[in-house]
2 protein chains.
Amino acid sequence: MYWGVKMNLKKKVSLAVVKRLPRYYRYLSDLLKMDIKRISSQELSSRMGITASQIRQDLNCFGGFGQQGYGYNVEYLFNEIGNILGTNNKYQTIIIGAGNMGQALANYTNFEKRGFKIISIFDVDPKLVGTEIRDIEIRDLETLEDFISQNYVDIAMLAVPYEQTPVVAERVAKLGVRGLWNFSPMDLKLPYDVIIENVHLSDSLMVLGYKLNEKFDFTRNDSEKNNDCDF
Amino acid sequence: MYWGVKMNLKKKVSLAVVKRLPRYYRYLSDLLKMDIKRISSQELSSRMGITASQIRQDLNCFGGFGQQGYGYNVEYLFNEIGNILGTNNKYQTIIIGAGNMGQALANYTNFEKRGFKIISIFDVDPKLVGTEIRDIEIRDLETLEDFISQNYVDIAMLAVPYEQTPVVAERVAKLGVRGLWNFSPMDLKLPYDVIIENVHLSDSLMVLGYKLNEKFDFTRNDSEKNNDCDF
DNA sequence: AAATCCTTGTTATTTTTTTGTCAATATTGC
DNA sequence: GCAATATTGACAAAAAAATAACAAGGATTT
């Protein structure tokens, strides 16, 4: 069947595959830096510690980037994955919360290289409001609504205390911000059309704890039980 | 067959299950705070947005914590999962790198509540060395070897610049530190018996970017192509 | 105390993900 | 330019994960 237009038969790519893309991107970036021009799935496989089959299958979710008998052109593949991930887009980004985490995010210049341009930071602390981080002004959180209605804001990075997170998230989502990058240990749920990506640092740390326990013995220090339930 | 000792027939729990545990722990913590005494897999299912079947199957990897016709006792289950995750252990932890990320980690008091006691911070900046964060002294990175050999250190949180990460990781691993929590966008690989847990912030952000592109159109700002490959 | 209702733990089924295989085809060496 | 080699993309098989189904048995109601 042919309907006269390019059919959108592309099957939705699974999250498992998508989550591996940034890792491919990193390895390809390293290869580029090492001035390696071509790479086979076999060779990449041994570098990354995953099967060559998986690499080929992952990449083929998005199209045939390789060539039989040759492998993949590193620069080409790097750029293609970049396009898939959208690192060539420019996202207008704000940071909410200028505590240590917010400042760490603001100072992490590499996000900019991936398309995430930080255009403003917001906080409630009068001592911070008016100051700058890397030429980015810290504004009063009160002015959030004004700012967003006067500037395109695609993404908000939320680095605010636990209790305030849902409130702030609701405020930005209501204003049409499309993506939230949340650092609070909670699962944000909002009645808006917004993509939420969580960075649950404590979860990651607890998984480390689990793996340590699995392998080593840490009971030696089990003096006090810890039954409180705050995060 | 019975060999006189408790047999270790427990099948290794898959990482997929382990990674969900902290999330269960969080929800149970919330229930505790709300003074809810019991919960069925059904009810928890609708709160968490996963199937009741998965919850029951996950929990049964570690033992039968529930009761037919009743459900799960919230406090009991919370404590059991805490034990599995090892939140009742005490891990002697150091932070390496007192930049914004290191300071953010040092100020995040909740890690302490999960058993991760930060006993020292290390940096190379002479302006920081000697100062304190929450009564934790920042020491010269030069003194790392001395410190570790004189104190039990279970875990090192690595919040140092990209290039220095492998070097520092090697140093602590060599000294017998058991776990590394790495914030650099690289896959650490070390010839030591050490558990490494990575927090790849840029990866997470790029997945957010992918999801945004999948759903919305961000090509409007595609003015300059970005082909550099630094992280 | 009996009957009904709930809800688990377990097993079976389905779905998803990963791995293996191989024909097709470009590259490389002679 | 031809044969040998390398390597992909597609498909098949296997493994793993998620979901469904249900018997067993405690909780609740009458």
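## A two-chain model and its axis

What you're looking at is a predicted model, where local features need pLDDT of at least 70, side-chain atom pairs count only at pLDDT 80 or more, and totals for chains, interfaces and linings use all residues. Residues are numbered from 1 along each chain as its sequence is written, chains are lettered from A in the order in which they are written, and side-chain values use heavy atoms, with hydrogens and water left out.

So what is that axis about? Two copies of a chain are related by a rotation about an axis and a shift along it.

### What's inside

In soluble globular proteins, nonpolar side chains tend to be buried together. A nonpolar core is a set of buried Ala, Val, Leu, Ile, Met, Phe, Trp, Tyr and Cys residues joined through side-chain atoms within 4.5 Å. The largest one has 54 residues, and A:Ile121, A:Trp181, B:Ile121 and B:Trp181 have the most contacts inside it. Take A:Trp181: beyond its neighbours within four places in sequence, its contacts include A:Leu105, A:Phe111 and A:Met157, plus B:Leu201, B:Leu205 and B:Leu208 from the other chain. Another core, of 27 residues, lies apart from the largest one, and B:Ile81 is among its members.

B:Ile81 sits in helix H5 (residues 74-85) of chain B; helices (H or I, at least four residues) and strands (E, at least two) are DSSP runs, numbered from the N terminus. Not counting residues up to four places away in sequence, B:Ile81 touches B:Leu21, B:Tyr24, B:Tyr25, B:Leu28 and B:Leu59. B:Tyr25 is 56 residues away along the chain, yet the two C-alpha atoms are 6.5 Å apart.

How exposed are a few individual residues? Buried means under 20% relative accessible area, exposed over 50%, and partly exposed in between (1.4 Å probe, protein chains only).

| Residue | Relative accessible area | Class |
|---|---|---|
| B:Ile81 | 1% | buried |
| A:Cys61 | 37% | partly exposed |
| B:Cys61 | 37% | partly exposed |
| B:Arg134 | 33% | partly exposed |
| B:Asp35 | 55% | exposed |

As for cysteines, a search of the whole structure turns up 0 disulfides over all chains (a disulfide being a pair of cysteine sulfur atoms within 2.5 Å).

### Two loop residues

B:Asp35 isn't a glycine, but has a positive phi of about 65 degrees. You'll find B:Asp35 in the loop between H2 and strand E1 (38-39) of chain B. B:Arg134, also not a glycine, has a positive phi of about 50 degrees, and its place is the loop between strand E6 (132-133) and strand E7 (136-140) of chain B.

Methods: Contact = heavy atoms within 4.5 Å.
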